Amino acid sequence: MEEYAREPCPWRIVDDCGGAFTMGMIGGGVFQAIKGFRNAPVGVRHRFRGSINAIRVRAPQIGGSFAVWGGLFSTIDCGLVKMRGKEDPWNSITSGALTGAVLASRSGPLAMVGSAMMGGILLALIEGVGILLTRYTAQQFQNPNPFGEDPSQLPPKDGSSPTGYTGYGQYQ
């Protein structure tokens, strides 16, 4: 299963890191805008200012956290591709588990195991949904008649001729 839209491995790390930062900034910005609006004092001007301030302070931090996760995930994924010599869903699942463990390493071994399990399970679900969607969309475009014959030109299943022609120049 090859992915043609992805960059080659060394550049994939930078690409994924930037994409994750952008996702974190946008998602964190929306979330922080709502949170800042709700937590600000009453008044449209105060709420708008609280919303902008929350975005300015927290969205870059969230984007940076996403970038660290994306960069570490891609680095481990590229290492597994190089080590195993193939690119398959197991690389992503293992990368998710190892990324979770590495990022939780400061919290101790128990937290590492829990984060590794969550990362592996999350990536397994994502990969599973991706595989199911790929198979579902592939079935939609399959040719129901693999030989390319027009079904209206095929003889009936009971063996009789649709035109009454029995063969050898004779008609019924």
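This is a predicted model: local features need pLDDT of at least 70, side-chain atom pairs count only at pLDDT 80 or more; totals for chains, interfaces and linings use all residues.
View 1. Residues are numbered from 1 along each chain as its sequence is written, and side-chain values use heavy atoms, with hydrogens and water left out. Of the 172 residues in the chain, 26% are buried, where buried means under 20% relative accessible area, exposed over 50% and partly exposed in between, with a 1.4 Å probe and protein chains only. The accessible surface of the chain comes to about 12700 Å², of which 65% belongs to carbon and sulfur atoms, as computed by the Shrake-Rupley method with a 1.4 Å probe. Among contacts (heavy atoms within 4.5 Å) between residues at least 6 apart in sequence, 50% join residues at least 24 apart.

**View 2. The crossing of helices α1 and α2.** The axes of helix α1 (residues 9-39) and α2 come within 5 Å and cross at roughly 155°, which makes α1 roughly antiparallel to α2. The axes are lines fitted to C-alpha atoms, for helices over the stretch in contact, with angles that run from 0 to 180 degrees between N-to-C directions; angles under 35 degrees count as roughly parallel, over 145 as roughly antiparallel, 65 to 115 as roughly perpendicular and the rest as oblique.

View 3. Ser-74 belongs to helix α2 (residues 44-84) and counts as buried because its relative accessible area is 1%. Its side chain is joined to that of Asp-16 by a polar contact of 2.4 Å; such a contact is a pair of N or O atoms within 3.5 Å, of which, within protein, one must be able to donate a hydrogen and the other to accept it, and residues adjacent in sequence count only if both atoms are side-chain atoms. Leaving out residues up to four places away in sequence, Ser-74 touches Arg-12, Ile-13 and Asp-16. Lys-82, also placed in helix α2, is by contrast exposed, with a relative accessible area of 73%. The C-alpha atoms of Lys-82 and Cys-9 are separated by 8.8 Å, although the two residues are 73 residues apart along the chain.

**View 4. The pairing of helices α3 and α4.** The axes of helix α3 (residues 89-103) and helix α4 (residues 109-140) come within 7 Å and cross at roughly 155°, and the two helices are therefore roughly antiparallel to each other. Residues that make the contact include Gly-96, Ala-97 and Gly-100 of α3 and Ala-116, Gly-119 and Gly-120 of α4. The crossing of α3 and α4 is right-handed.

View 5. Thr-99 lies in helix α3 and counts as buried at 0% relative accessibility; its side chain reaches the backbone oxygen of Ser-95 at 2.7 Å. Apart from neighbours within four places in sequence, Thr-99 is in contact with Trp-69, Leu-72, Phe-73 and Ile-76. Thr-134 lies in helix α4 and is partly exposed at 45% relative accessibility, while its side chain reaches the backbone oxygen of Gly-130 at 2.8 Å.

Terms used
Helices (H or I, at least four residues) and strands (E, at least two) are DSSP runs, numbered from the N terminus. A crossing is left-handed if the near helix is turned anticlockwise from the far one by less than a right angle, and right-handed if clockwise.
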